[in-house]
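User: Could you walk me through this model? I'd like to start with the aromatic side chains.

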Amino acid sequence: MTTRLSIFPLPGAILFPGLQLPLHIFEPRYRDLVGSALAKDRLIGMVQPQRSSDGSPLYAIGCLGRIGDVEALEDGRYNIVLEGETRFRITRELDVTTSFRQVEAELIDDPEGEVLASVERAGFEFEAKRFAAMQGYSVDWDSVERLDDETLINGVAQIAPFDSAAKQALLEADTLSQRCELMIQLMQFFALRDDGDEIVTLQ
């Protein structure tokens, strides 16, 4: 089954199911997009363009978000919070008369309540602590340890300082276990020291 989605193609912005993404909407076409979504089902498809140029081809996989909190400003701008619902796969882009782009897409039926093996969770937390220490991040690890596996892996994937291509690869991972393994590889790679002094990062 396919569905019609209005999309927000924003470079570097990744939304994962179960997480939230705050957005400040100021461009006229995306004000139109939010206004249209609020008048209908409050749904917006977040997907990355392959290039930053206008009208760029889109990556095939995105995440459907539902507008939760919304603040409509007097000048027509919006502050919204998108709540990630499910991933989708674009089958084709539609010819439309709206100012914003629309696609035909298949919703991806991801399994609910995925869990990691204890050794996977332990390996991830070990690499996350090492990566955070190298980057100089302050993390409440007691709170982290209380998170369920999905919230932990998807949450780190969404906020980690990786580039757009790396985050897209994380979004495209089919299982939580695959996403966890890829996160570990990325943290190991981008925590490498250059000549023993400088930390290589994507930012």
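Analyst: Rings of Phe, Tyr and Trp (its six-membered ring) pair if their centres lie within 6.5 Å, with planes under 30 degrees apart counted as stacked, over 60 as edge-to-face and the rest as tilted. By this rule the count comes to 2 aromatic pairs. This is a predicted model, in which local features need pLDDT of at least 70 and side-chain atom pairs count only at pLDDT 80 or more, while totals for chains, interfaces and linings use all residues. Residues are numbered from 1 along each chain as its sequence is written, and side-chain values use heavy atoms, with hydrogens and water left out.

User: Why is the pair of F8 and Y30 called tilted?

Analyst: The ring centres of F8 and Y30 are 4.4 Å apart and their planes stand at 35°, so the pair is tilted. F8 lies in strand β1 (residues 2–9) and Y30 in helix α1 (residues 28–39), 22 residues apart, so the pair links distant parts of the chain; helices (H or I, at least four residues) and strands (E, at least two) are DSSP runs, numbered from the N terminus.

User: Are F8 and Y30 buried or exposed?

Analyst: Both F8 and Y30 are buried, meaning under 20% relative accessible area, where exposed is over 50% and partly exposed in between (1.4 Å probe, protein chains only).
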